[in-house]
Amino acid sequence: MLRFSIITEADARTLDIGSTVELAKGGHVTPLARDTLAARRVMVVGEGSRDIGAAAELVPASDIRRVAIGSDHTGVALRRTLVQHLRGRGLAVTDLGTDGTASVDYPDIAGAVALAVARREADAGIVIDGAGLGSAIAANKVRGIRAAMCATPTLARYAREHNGANVLALGATLLSPDEAVAIVETFLSTSMKEARYIARLAKVKRLEEAGH
(Lines give C-alpha, C1' and ligand atoms only; values in the text may rest on other atoms or scores of the structure.)
Protein backbone atom coordinates (compact mmCIF):
# COMPACT_ATOMS: atom_id res chain seq x y z
CA MET A 1 0.00 0.00 0.00
CA LEU A 2 1.35 3.44 -0.97
CA ARG A 3 2.24 5.77 1.90
CA PHE A 4 2.22 9.59 1.77
CA SER A 5 3.16 12.41 4.12
CA ILE A 6 1.20 14.81 1.90
CA ILE A 7 -1.27 14.11 -0.87
CA THR A 8 -1.67 16.76 -3.54
CA GLU A 9 -4.17 16.86 -6.37
CA ALA A 10 -1.41 15.72 -8.73
CA ASP A 11 -0.79 12.71 -6.49
CA ALA A 12 -4.49 11.95 -6.26
CA ARG A 13 -4.89 11.87 -10.03
CA THR A 14 -2.26 9.14 -10.34
CA LEU A 15 -3.91 6.76 -7.88
CA ASP A 16 -5.91 3.80 -9.11
CA ILE A 17 -9.68 4.15 -8.84
CA GLY A 18 -10.92 2.33 -5.74
CA SER A 19 -7.45 1.95 -4.23
CA THR A 20 -6.41 2.50 -0.61
CA VAL A 21 -3.42 4.61 0.51
CA GLU A 22 -1.87 5.31 3.89
CA LEU A 23 -1.33 8.83 5.26
CA ALA A 24 1.59 9.20 7.69
CA LYS A 25 0.98 10.59 11.17
CA GLY A 26 0.81 14.36 10.93
CA GLY A 27 0.28 14.06 7.17
CA HIS A 28 -1.85 16.41 5.10
CA VAL A 29 -4.30 16.14 2.21
CA THR A 30 -4.82 19.31 0.20
CA PRO A 31 -8.42 20.51 -0.36
CA LEU A 32 -8.28 19.91 -4.12
CA ALA A 33 -6.81 16.48 -3.52
CA ARG A 34 -9.74 15.57 -1.25
CA ASP A 35 -12.19 16.25 -4.07
CA THR A 36 -10.16 14.20 -6.51
CA LEU A 37 -9.77 11.34 -4.05
CA ALA A 38 -13.52 11.28 -3.48
CA ALA A 39 -14.22 11.29 -7.20
CA ARG A 40 -11.80 8.39 -7.74
CA ARG A 41 -13.15 6.50 -4.72
CA VAL A 42 -9.70 6.33 -3.14
CA MET A 43 -9.71 5.37 0.54
CA VAL A 44 -7.16 7.17 2.74
CA VAL A 45 -6.32 5.48 6.04
CA GLY A 46 -4.20 6.95 8.77
CA GLU A 47 -0.93 5.33 9.78
CA GLY A 48 -1.79 2.51 12.18
CA SER A 49 -5.47 2.99 11.37
CA ARG A 50 -7.93 1.04 13.47
CA ASP A 51 -9.80 0.24 10.28
CA ILE A 52 -6.84 -1.75 8.98
CA GLY A 53 -6.46 -3.58 12.27
CA ALA A 54 -10.18 -4.25 12.60
CA ALA A 55 -10.44 -5.41 9.02
CA ALA A 56 -7.47 -7.73 9.38
CA GLU A 57 -9.43 -9.63 12.02
CA LEU A 58 -12.21 -10.15 9.46
CA VAL A 59 -9.97 -11.77 6.85
CA PRO A 60 -11.07 -15.38 6.32
CA ALA A 61 -8.70 -18.19 7.20
CA SER A 62 -6.17 -18.86 4.46
CA ASP A 63 -5.16 -22.28 5.78
CA ILE A 64 -8.51 -24.04 5.58
CA ARG A 65 -8.67 -27.30 7.49
CA ARG A 66 -12.32 -27.49 8.55
CA VAL A 67 -15.25 -27.11 6.16
CA ALA A 68 -18.98 -27.06 6.94
CA ILE A 69 -21.19 -28.06 4.02
CA GLY A 70 -24.92 -28.40 3.51
CA SER A 71 -27.49 -28.63 0.74
CA ASP A 72 -31.20 -28.70 0.20
CA HIS A 73 -32.85 -31.65 -1.57
CA THR A 74 -31.70 -30.50 -5.02
CA GLY A 75 -28.03 -30.60 -4.05
CA VAL A 76 -27.72 -33.94 -2.26
CA ALA A 77 -25.77 -35.71 -5.01
CA LEU A 78 -23.39 -32.80 -5.56
CA ARG A 79 -22.84 -32.39 -1.83
CA ARG A 80 -21.92 -36.02 -1.41
CA THR A 81 -19.42 -35.72 -4.25
CA LEU A 82 -17.84 -32.68 -2.64
CA VAL A 83 -17.76 -34.25 0.81
CA GLN A 84 -15.90 -37.24 -0.59
CA HIS A 85 -13.48 -34.96 -2.45
CA LEU A 86 -12.78 -32.77 0.58
CA ARG A 87 -12.25 -35.69 2.93
CA GLY A 88 -9.97 -37.23 0.34
CA ARG A 89 -7.83 -34.11 0.67
CA GLY A 90 -7.58 -34.71 4.40
CA LEU A 91 -9.92 -31.89 5.44
CA ALA A 92 -12.30 -32.19 8.39
CA VAL A 93 -15.81 -31.93 6.97
CA THR A 94 -19.00 -31.26 8.92
CA ASP A 95 -21.83 -32.51 6.73
CA LEU A 96 -25.05 -30.75 7.73
CA GLY A 97 -27.32 -32.57 5.26
CA THR A 98 -29.91 -32.90 4.02
CA ASP A 99 -30.27 -36.52 2.94
CA GLY A 100 -33.01 -38.06 0.86
CA THR A 101 -35.39 -36.50 -1.65
CA ALA A 102 -37.91 -34.91 0.72
CA SER A 103 -38.17 -31.16 0.16
CA VAL A 104 -36.37 -28.94 2.68
CA ASP A 105 -36.08 -25.18 2.89
CA TYR A 106 -32.70 -23.80 1.83
CA PRO A 107 -32.60 -21.10 4.58
CA ASP A 108 -32.49 -23.81 7.25
CA ILE A 109 -29.46 -25.51 5.72
CA ALA A 110 -27.65 -22.34 4.70
CA GLY A 111 -28.23 -20.86 8.14
CA ALA A 112 -26.74 -23.90 9.86
CA VAL A 113 -23.60 -23.75 7.69
CA ALA A 114 -23.26 -19.99 8.15
CA LEU A 115 -23.56 -20.29 11.92
CA ALA A 116 -20.83 -22.93 12.00
CA VAL A 117 -18.50 -20.52 10.18
CA ALA A 118 -19.54 -17.49 12.24
CA ARG A 119 -18.88 -19.43 15.45
CA ARG A 120 -15.48 -20.51 14.06
CA GLU A 121 -16.45 -24.14 14.22
CA ALA A 122 -15.40 -24.25 10.55
CA ASP A 123 -12.84 -22.25 8.56
CA ALA A 124 -15.12 -22.03 5.52
CA GLY A 125 -18.58 -23.09 4.44
CA ILE A 126 -20.23 -24.44 1.31
CA VAL A 127 -23.99 -24.16 0.72
CA ILE A 128 -25.83 -25.76 -2.19
CA ASP A 129 -29.31 -25.41 -3.65
CA GLY A 130 -30.74 -25.39 -7.17
CA ALA A 131 -29.17 -22.12 -8.30
CA GLY A 132 -27.12 -21.16 -5.24
CA LEU A 133 -28.73 -17.74 -5.03
CA GLY A 134 -31.18 -18.40 -2.22
CA SER A 135 -28.58 -20.06 -0.04
CA ALA A 136 -26.20 -17.13 -0.56
CA ILE A 137 -28.91 -14.66 0.47
CA ALA A 138 -29.81 -16.70 3.54
CA ALA A 139 -26.21 -17.23 4.65
CA ASN A 140 -25.51 -13.52 4.34
CA LYS A 141 -28.16 -12.78 6.96
CA VAL A 142 -25.84 -14.27 9.60
CA ARG A 143 -23.58 -11.61 11.10
CA GLY A 144 -19.98 -12.01 10.02
CA ILE A 145 -20.77 -14.06 6.93
CA ARG A 146 -19.80 -13.06 3.40
CA ALA A 147 -21.33 -15.65 1.09
CA ALA A 148 -20.81 -15.58 -2.67
CA MET A 149 -22.55 -17.60 -5.36
CA CYS A 150 -19.83 -18.63 -7.80
CA ALA A 151 -20.45 -20.29 -11.16
CA THR A 152 -16.80 -20.30 -12.29
CA PRO A 153 -13.35 -20.61 -10.71
CA THR A 154 -12.67 -16.98 -11.68
CA LEU A 155 -15.62 -15.79 -9.62
CA ALA A 156 -14.45 -17.98 -6.73
CA ARG A 157 -11.01 -16.38 -6.87
CA TYR A 158 -12.46 -12.87 -6.88
CA ALA A 159 -14.85 -13.74 -4.05
CA ARG A 160 -11.97 -14.76 -1.83
CA GLU A 161 -9.14 -12.45 -2.93
CA HIS A 162 -11.16 -9.24 -3.32
CA ASN A 163 -14.17 -9.74 -1.06
CA GLY A 164 -13.00 -12.05 1.71
CA ALA A 165 -15.86 -14.51 1.20
CA ASN A 166 -16.02 -17.20 3.86
CA VAL A 167 -18.98 -19.14 2.47
CA LEU A 168 -19.29 -20.48 -1.08
CA ALA A 169 -22.74 -20.96 -2.61
CA LEU A 170 -23.18 -23.38 -5.52
CA GLY A 171 -26.06 -24.14 -7.87
CA ALA A 172 -26.55 -27.87 -8.26
CA THR A 173 -28.60 -27.46 -11.45
CA LEU A 174 -25.97 -25.22 -13.05
CA LEU A 175 -22.79 -27.21 -12.52
CA SER A 176 -21.33 -30.61 -13.29
CA PRO A 177 -19.48 -32.35 -10.46
CA ASP A 178 -16.13 -31.60 -12.11
CA GLU A 179 -17.01 -27.91 -12.48
CA ALA A 180 -18.08 -27.72 -8.85
CA VAL A 181 -14.86 -29.36 -7.67
CA ALA A 182 -12.80 -26.85 -9.67
CA ILE A 183 -14.71 -23.95 -8.13
CA VAL A 184 -14.31 -25.34 -4.62
CA GLU A 185 -10.58 -25.91 -5.12
CA THR A 186 -10.09 -22.31 -6.25
CA PHE A 187 -12.18 -20.95 -3.38
CA LEU A 188 -10.32 -22.91 -0.73
CA SER A 189 -6.84 -22.23 -2.12
CA THR A 190 -7.20 -18.47 -2.64
CA SER A 191 -6.31 -16.12 0.20
CA MET A 192 -6.93 -12.42 0.82
CA LYS A 193 -3.67 -10.50 1.18
CA GLU A 194 -3.79 -7.03 -0.38
CA ALA A 195 -4.22 -4.21 2.14
CA ARG A 196 -6.60 -2.24 -0.09
CA TYR A 197 -9.02 -5.18 -0.20
CA ILE A 198 -8.64 -5.93 3.49
CA ALA A 199 -9.33 -2.31 4.45
CA ARG A 200 -12.69 -2.46 2.69
CA LEU A 201 -13.86 -5.24 4.98
CA ALA A 202 -14.10 -2.68 7.78
CA LYS A 203 -16.58 -0.73 5.64
CA VAL A 204 -18.54 -3.90 4.95
CA LYS A 205 -18.69 -4.54 8.69
CA ARG A 206 -19.99 -1.03 9.34
CA LEU A 207 -22.77 -1.58 6.79
CA GLU A 208 -23.67 -4.81 8.53
CA GLU A 209 -23.77 -3.13 11.94
CA ALA A 210 -25.80 -0.19 10.63
CA GLY A 211 -28.56 -2.55 9.62
CA HIS A 212 -29.21 -3.78 13.20
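Me: What is a salt bridge, in terms of atoms and distance?

Reply: A salt bridge is a side-chain nitrogen of Lys or Arg within 4 Å of a carboxyl oxygen of Asp or Glu. The idea is that side chains of opposite charge can pair when their charged atoms come close. Keep in mind that this is a predicted model, where local features need pLDDT of at least 70, side-chain atom pairs count only at pLDDT 80 or more, and totals for chains, interfaces and linings use all residues. Residues are numbered from 1 along each chain as its sequence is written, and side-chain values use heavy atoms, with hydrogens and water left out.

Me: Which residue does Glu 185 meet in a salt bridge?

Reply: Glu 185 pairs with Arg 89, at 3.1 Å from N to O. Glu 185 sits in helix 8 (residues 177-189) and Arg 89 in the loop between helix 4 and strand 5, so the pair ties together parts that are 96 residues apart in sequence. Helices (H or I, at least four residues) and strands (E, at least two) are DSSP runs, numbered from the N terminus.

Me: Is Arg 79 buried or exposed?

Reply: Buried means under 20% relative accessible area, exposed over 50%, and partly exposed in between (1.4 Å probe, protein chains only). Arg 79 has 0%, so buried. Asp 99, at 52%, counts as exposed.

Me: What does Arg 79 pair with?

Reply: Asp 95 is one partner, with the closest N and O atoms 2.7 Å apart. Asp 99 also forms a salt bridge with Arg 79, at 2.8 Å.

Me: How many salt bridges are there in the whole structure?

Reply: The search finds nine.
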